[in-house]
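I am opening a notebook on a structure that is new to me. The entries below keep to what I looked up, one topic at a time.

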Amino acid sequence: MNDLERVFRQIPLFSSLPPDVLGKLSQAVRPRSLKSGEVLFFKGDDGEAMYIIRKGTIKIVLPSSVGEEIIVALLKENDFFGAMAMLDGMPRSADAVSITSSDILVLGRSDFLSILQSDINALKTILCDLSRMIRKTDDLLGDVCFFNISVRLAKKLLELSETTGKKEQDSIVLDISLTQKELGDMVGATRESVNKELKNLREEGLIDIEGSRIRILDMEGLSLRTEDI
């Protein structure tokens, strides 16, 4: 088993594939490196490939005609994306932008469809991932409509603590660097609103800010914020 086959074994999408298919897969993908801030594809582009993240962080973004954007998802190592356009043959439904320097694997449409035809578990994983993304978008729209910025930001920080958090003594550090604008894009708010709310959370002793990283000091207190509806 080569190095790429070992990588694929760690990714839910490919973990159940037989060795011969994994071998073909490792020969079919091609590596690509992205710089911080580099756009992989734009909404409306043709979807000729899907992508697997080996290193780094990619954000999936819904842009608007007036320059605003909403970050639908932050994807990290072993996550995959770009499958929707390959399944329905439609253009890309969002932008994909590298937040950090990232290494990805590119899998073309024909190889992708061949894998889905050969393994039902891979198809189930794709469908579950697409369903999860749709639910996240629905949740974000509901939050923006019904919750104030205080609740939305608290909910997002708690979510990030589960996906990127690292426990350090009695606190949790979000192991990802995000600007206040990016946080705003994740909760549907302006950078100024996020800045003001972060200061409030810091003054209340719920979080601390270390450069571009956030440390959650009081998970229970932050959770209570989400109940302030």
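What follows are my entries on ground rules, sheet, helices, cores and a few loop residues.

**Ground rules**

I note first that this is a predicted model, in which local features need pLDDT of at least 70 and side-chain atom pairs count only at pLDDT 80 or more, while totals for chains, interfaces and linings use all residues. Residues are numbered from 1 along each chain as its sequence is written, and side-chain values use heavy atoms, with hydrogens and water left out. For the element names I rely on DSSP runs, numbered from the N terminus, with helices (H or I) of at least four residues and strands (E) of at least two.

**The open sheet**

I looked up the order of the strands and found four of them in an open sheet, S2-S7-S4-S5, with antiparallel pairing; two strands count as paired if DSSP finds at least two bridges between them. Strand S2 (39-41) and S5 stand at the edges with a single partner strand each, so one side of each has no neighbour in the sheet. Direction ignored, neighbouring strands of this sheet are turned by 30° against each other on average. Inside the sheet, strand S4 (residues 58-63) and strand S7 (residues 95-98) pair in the antiparallel sense over four bridges, and Ile 60 stands opposite Ala 96 in S7. Helix H7 packs on this sheet, where H7 touches S4 and S5, and its direction makes about 100° with that of S5. Axes here are lines fitted to C-alpha atoms, for helices over the stretch in contact, and angles run from 0 to 180 degrees between N-to-C directions.

How many of the eight residues of H7 are buried? I counted on the record of burial, where buried means under 20% relative accessible area, exposed over 50% and partly exposed in between (1.4 Å probe, protein chains only), and H7 is mostly covered, with six of its eight residues buried. These are Glu 182, Leu 183, Gly 184, Asp 185, Met 186 and Val 187. Just after H7, Gly 188 takes a positive phi of about 70°.

I then turned to helix H6 (residues 149-163), whose axis comes within 10 Å of that of helix H7 (residues 180-187) and crosses it at roughly 105°. The two helices are therefore roughly perpendicular to each other, a label given to angles of 65 to 115 degrees, with those under 35 roughly parallel, those over 145 roughly antiparallel and the rest oblique. Ile 149, Arg 152, Leu 153, Lys 156 and Leu 160 in H6 meet Leu 183, Met 186 and Val 187 in H7, where contact means heavy atoms within 4.5 Å.

**The cores**

The largest nonpolar core has 24 residues, and Leu 74, Leu 157, Leu 178, Leu 183 and Leu 222 have the most contacts inside it. Such a core is a set of buried Ala, Val, Leu, Ile, Met, Phe, Trp, Tyr and Cys residues joined through side-chain atoms within 4.5 Å. Strand S5 (69-75), H6, H7, helix H8 (191-203) and S12 each supply at least two residues of this core, and its largest share, five residues, comes from H6. Leaving aside neighbours within four places in sequence, Leu 178 is in contact with Leu 74, Ile 99, Leu 160, Leu 183, Met 186 and Ser 212. Apart from this core lies another, of 23 residues, including Val 7, Met 50, Ala 83 and Leu 105.

**Ala 154**

I picked Ala 154, which has its place in helix H6 and counts as buried at 0% relative accessibility. Ala 154 and Leu 224 are 70 residues apart in sequence and 8.9 Å apart in space, C-alpha to C-alpha. Beyond four places in sequence, Ala 154 is in contact with Leu 222, Arg 225 and Thr 226.

**Hairpin and loops**

Strand S11 (residues 207-210) and strand S12 (residues 213-216) pair in the antiparallel sense over four bridges, and Asp 208 has Arg 215 of S12 as its bridge partner. S11 and S12 form a hairpin with two residues between them, and Gly 211 in the turn has a positive phi of about 70°.

Most residues other than glycine have a negative phi. Gln 169, not a glycine, has a positive phi of about 55°; its place is in the loop between strand S9 (165-168) and strand S10 (171-174), and at 75% relative accessibility Gln 169 counts as exposed.
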